[in-house]
Amino acid sequence: MDFATIIELLDSAVRLGTPLLLACLAGLFSERAGIFDIGLEGKMLMAAFFSGAVAAMTGSAWLGLLAGIGGAMSLALIHGLASITFRGNQLISGVAVNFLASGFTVLIAQSWFQQGGRTPQLSGNARFEPITLPGADAVKDVPVIGQIYSNLLSGHTILVYVAFAMVPLTWWVLFRTRFGLRLRAVGENPESVDTAGVSVIRLRYTAVAITGVLSGLAGTYLATGLAAGFVKEMTAGRGFIALAALIFAKWRPVPALGATMLFGLLEAISNRYPNIDLGVVNLPIQFMQAVPYILTVVILAGFIGKAIPPRAGGQPYVKER
Amino acid sequence: MEKTPKWIDVGLIPLLNLLIAFVISGIVVLLIGENPVQAIKVMVDGALGSPYGWGYTLFYATNFIFTGLAVAVAYHASQFNIGGEGQATLGGLGVALVCLAFPWPHWSIALLAAMIGGAVFGAAWAAIPAYLQAKRGSHIVITTIMFNFIGASLLNYMLVNVLRPRGSMDPATARFANSTHLPTFHDMPLIGQFFGKSVPANISFFIAVLACFLVWGLIWRTKLGYAIRAFGRSESAARYAGISPVKIVMAAMLISGGLAGLMAINNVMGTGHRLVLNSVEGAGFIGIAVALMGRNHPFGVFLAALLFGFLYQGGGELALETTIPRELITVIQALVILFTGAFDNMLRAPIESFFVARAKANKEA
């Protein structure tokens, strides 16, 4: 494998890892606030559809982005109502959200576009185009550094750069602001937050709304950046891989970057090399596809460092009476 | 503490929740420019209007009884088994291996062996998440989700690389021998005359009904069932009473996985006569809706499975006769899960406080 191939693989890993990263950070806000979210898949799918549909109708990727965030947000609100206001089972609500998205997107897509549950092919301004970083073309032929800069770092859509910027931002918000401190506290020990006179309900709704925005970005990137339009079930389990990455990263933003890029790289490798012959064993493509899930189970089992979720996760908060 | 009457808890509130789910589904149908009344008519005609429709409705219901019971049994031990899909997938593998392994002389012997194969494979797929939950505290919801995906990959590998007959391009096993084909409703005495040859409902339906009775007996009439329910209500109390959490979680999840795996006698052995990719078709997830609606009671599961069998068959007819896609059923399923599950308190809290207040007023009067 030569250097150019490695760069190509890494470049592909960044593209494939970006939706995972955005969805993973989305889940991070919710779960850090004590709201389990197995509905990331559904929110991404909803966002992918509405962004693709609105971008196709208006010809503007930016309007598509707004619609995508709106779509994900509506499901986030349902999840919030179920888990915060009605104190229902968050896992059951997540399951419902996933099915709602899976059915609703096809139903509406068929009704609006009559193309068998997909949106029309997007082109031009209806998609987020790759951005060429300054000087990328000039240094293209410089060995190593030039190649890395122009082929790996440059040439992604704006959403990729936003996703990467979200990592330090999330870290800063969670660990360096008062809001972040309270958000983490509400996921560990909501009584203490309540005692301090801060509204648990408002904090948790805020967290769920941030989850809506970020999973909206993730879905929009799928339909308007990575692909050119929405197709039925296009998330294809990415919401669950993001959830796996979140556990893998033990609910921390910087490791989340590492985990999602690792899973993106795995997907890139299995796209390029369906069968990997290691001499002793031949790794089939099905094994490569299952690796993120297997790794997550191993991590959850605590054989390689234990993943401990936020302590109040999954429990509805009932104020003392 | 005043208690609300039982008919409200298990009758009125679930029915009202169901009603809301259907009303919203109707609004969705209106939104996409179709007539909901017409849609219901097509569904009822297609699913219940003919023996042919009933044959399909009961076939789907059989799947959902098994997966619904699977979710219900685990739920009594306060385990949310979201892995029915993967367990049923592996059950299919078990059933297929049994059917292909041996030239079975008669379907009845093949069926008994296939039931063991399906149940053992399904239970085995639930065993690892159960063990990790019981021993290492790994959240069973996450691990069973992961096992659904791992199961799909495993089946894909087995079908493409191992079980595919030489020269075939299809990722599927060879056809099972005729001697393993189960009698369908058409082949049965008394009812056979009503059902055509193409009807998929088969003897598995009666095994599913039997499973309802057995699960009822297990949960409410055996020592293990008592321990499962006690553990599900309060882990600390159960532990204090000498009930081993590891044993209960393992037992409940193995039974749950076994029930999900048993589904394969219906969809793989009963009609497919070979194992294909994605033969479960989401039935494992529908089990969640079925168990929620049936309030985890086998009789409730049976009724809810019939309802979903109707929706499934009716939804298929809808896609054929109108421009409404099949996915309407997924939306209905989602709304049922949402309202009977996650939004349960929305109606429960006001209705219960209403009845408690009334009971109090009656007492004082």
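This is a predicted model: local features need pLDDT of at least 70, side-chain atom pairs count only at pLDDT 80 or more; totals for chains, interfaces and linings use all residues.
**Figure 1. The loop between H9 and H10 of chain A holds Ala236(A) and Glu233(A), both with a positive phi.** Ala236(A) lies in the loop that joins H9 and H10 of chain A, and because 12 other C-beta atoms are found within 10 Å, this residue is exposed. Its phi is positive, about 45°, although Ala236(A) is not a glycine. Glu233(A), placed in the loop between helix H9 (200-226) and H10 of chain A, likewise has a positive phi, near 55°, and is a residue other than glycine. With 14 other C-beta atoms within 10 Å, Glu233(A) is partly exposed. As background to these angles, most residues other than glycine have a negative phi.

**Figure 2. Helix H10 of chain A is mostly covered.** Eleven of the eleven residues of H10(A) are buried, among them Arg238(A), Gly239(A), Phe240(A) and Phe248(A). The buried residues of H10(A) also include Ile241(A), Leu243(A), Leu246(A) and Ile247(A), as well as Ala242(A), Ala244(A) and Ala245(A). Their cover comes from both chains: it includes helix H1 (3-32), helix H2 (40-58), helix H11 (253-272) and H12 of chain A, together with helix H6 (140-163) of chain B. After H10(A) comes Lys250(A), a residue with a positive phi near 50°.

**Figure 3. Chain A and chain B meet through 37 residues of chain A and 37 residues of chain B.** On the side of chain A that touches chain B, the elements that give two or more residues are helix H4 (90-113), helix H10 (238-248) and helix H12 (285-301) of chain A. The largest share of that side, 15 residues, is supplied by H4(A). Sorted by class, the side of chain A that touches chain B is made up of 23 nonpolar, 13 polar and one charged residues.

**Figure 4. The whole of chain A is shown with its twelve helices and two strands.** Followed along the sequence, the elements of chain A come in the pattern α-α-α-α-α-α-α-α-α-α-α-β-β-α. The C-alpha atoms of chain A fill a box of roughly 70 × 50 × 40 Å along the principal axes. The radius of gyration of chain A is 20 Å, which agrees with the value near 20 Å that a compact globule of 321 residues would have. Of these 321 residues, 53% count as buried. Among contacts in chain A with a separation of 6 or more, 76% are between residues 24 or more positions apart.

**Figure 5. Two spans of chain A carry a transmembrane annotation in the UniProt record, residues 12-30 and 42-59 among them.** The unreviewed UniProt entry places the feature "transmembrane region" at these spans and also at residues 91-113, 158-175, 207-231 and 290-308 of chain A. In the model, residues 12-30 of chain A are 100% helix and 0% strand, with their end C-alpha atoms 28 Å apart. Residues 42-59 of chain A are 94% helix and 0% strand, and the end C-alpha atoms of this span lie 25 Å apart.

**Figure 6. Gly55(B) is a buried residue within helix H3 of chain B.** Helix H3 of chain B covers residues 51-76, and Gly55(B) is found in it. Because 22 C-beta neighbours lie inside 10 Å, Gly55(B) counts as buried. When residues up to four places away in sequence are left out, Gly55(B) touches Phe185(B), Phe195(B), Val199(B), Pro200(B) and Ala201(B). The C-alpha atoms of Gly55(B) and Phe194(B) are separated by 9.9 Å, although these two residues are 139 residues apart along the chain.

**Figure 7. The whole of chain B is shown with its 15 helices and zero strands.** The radius of gyration of chain B, 22 Å, is close to the 21 Å that the globule rule gives for 365 residues, so chain B is as compact as a globular protein of that length. Along the principal axes, the C-alpha trace of chain B spans about 80 × 55 × 40 Å. Buried residues make up 53% of the 365 residues of chain B. Among contacts in chain B between residues at least 6 apart in sequence, 76% join residues at least 24 apart.

Conventions: Residues are numbered from 1 along each chain as its sequence is written. Chains are lettered from A and ligands numbered from 1 in the order in which they are written. Two residues are in contact if their C-beta atoms, placed from the backbone, lie within 7 Å. Helices (H or I, at least four residues) and strands (E, at least two) are DSSP runs, numbered from the N terminus. Ala, Val, Leu, Ile, Met, Phe, Trp, Tyr, Cys and Pro count as nonpolar, Asp, Glu, Lys and Arg as charged, and the others, Gly among them, as polar. UniProt positions are given in the numbering used here, feature names are shortened, and annotations may be inferred rather than shown by experiment. The radius of gyration is taken over C-alpha atoms; the globule rule is 2.2 Å times the number of residues to the power 0.38. A residue is buried if 20 or more other C-beta atoms lie within 10 Å of its own, exposed if 12 or fewer, and partly exposed in between; C-beta atoms are placed from the backbone.
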